[in-house]
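The entries follow in the order I made them.

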Amino acid sequence: MRGIGGIFFDRLSTVDGASWDGCLAYVLDALSMPVAAYGPVVTRRSATPFGDRQRRWQLLRRGRYVEFNHPERLGRA
């Protein structure tokens with residue numbers, strides 16, 4: 001879900017006794033939350049002017065975005 005945040009399912013598993021239906025219900029519930037939270041923001045801001053100045057700022061910010069995944073934190077190192 002780019003632009004809103006990240007959802008990681010690295011540890012979602014049926015190994016601990018969860019069923020596939022339970023995992024699916026969890027994922028569907030998790031994916032419905034951004035729509036409920038972000039939808040009103042998009043609706044409210046959709047008429048906000050967006051020109052060349054804002055576009056340059058957006059590209060600058062995107063150019064600085066870096067995501068680090070630390071394997072040692074997940075027990076893979």
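Which residues form a nonpolar patch on the surface? I found Phe9, Leu12 and Tyr26, with about 280 Å² of accessible area together. Patches take residues with over 30% relative accessible area and no salt bridge, and nonpolar side chains are joined within 5 Å. Areas come from the Shrake-Rupley method with a 1.4 Å probe.

I noted that this is a predicted model, where local features need pLDDT of at least 70, side-chain atom pairs count only at pLDDT 80 or more, and totals for chains, interfaces and linings use all residues. Residues are numbered from 1 along each chain as its sequence is written, and side-chain values use heavy atoms, without hydrogens and water.

I checked Phe9 next. Phe9 lies in the segment before α1 and is partly exposed, at 33% relative accessible area (between 20% and 50%).

I looked for salt bridges (a Lys or Arg side-chain nitrogen within 4 Å of an Asp or Glu carboxyl oxygen). The structure holds one: Arg56 with Asp52, their closest N and O atoms 2.4 Å apart. Because they are four residues apart in helix α2 (residues 52–64), about one helical turn separates them. Arg56 and Asp52 are both exposed (over 50%).

Last, I looked up the second largest pocket, of about 210 Å³. A pocket is an open set of points on a 1 Å grid where a 1.4 Å probe fits, with protein on both sides within 12 Å along at least five of seven lines; lining residues have an atom within 4 Å of a point. Helix α1 (residues 20–45) gives the largest share of the lining, four residues.

Notes
Grid points are joined across faces, edges and corners, and a volume is the space filled by probe spheres set on the points. Helices (H or I, at least four residues) and strands (E, at least two) are DSSP runs, numbered from the N terminus. Patches are made of residues with over 30% relative accessible area and no salt bridge: like charges are joined within 9 Å, nonpolar side chains (Val, Leu, Ile, Met, Phe, Trp, Tyr) within 5 Å. Buried means under 20% relative accessible area, exposed over 50%, partly exposed in between (1.4 Å probe, protein chains only).
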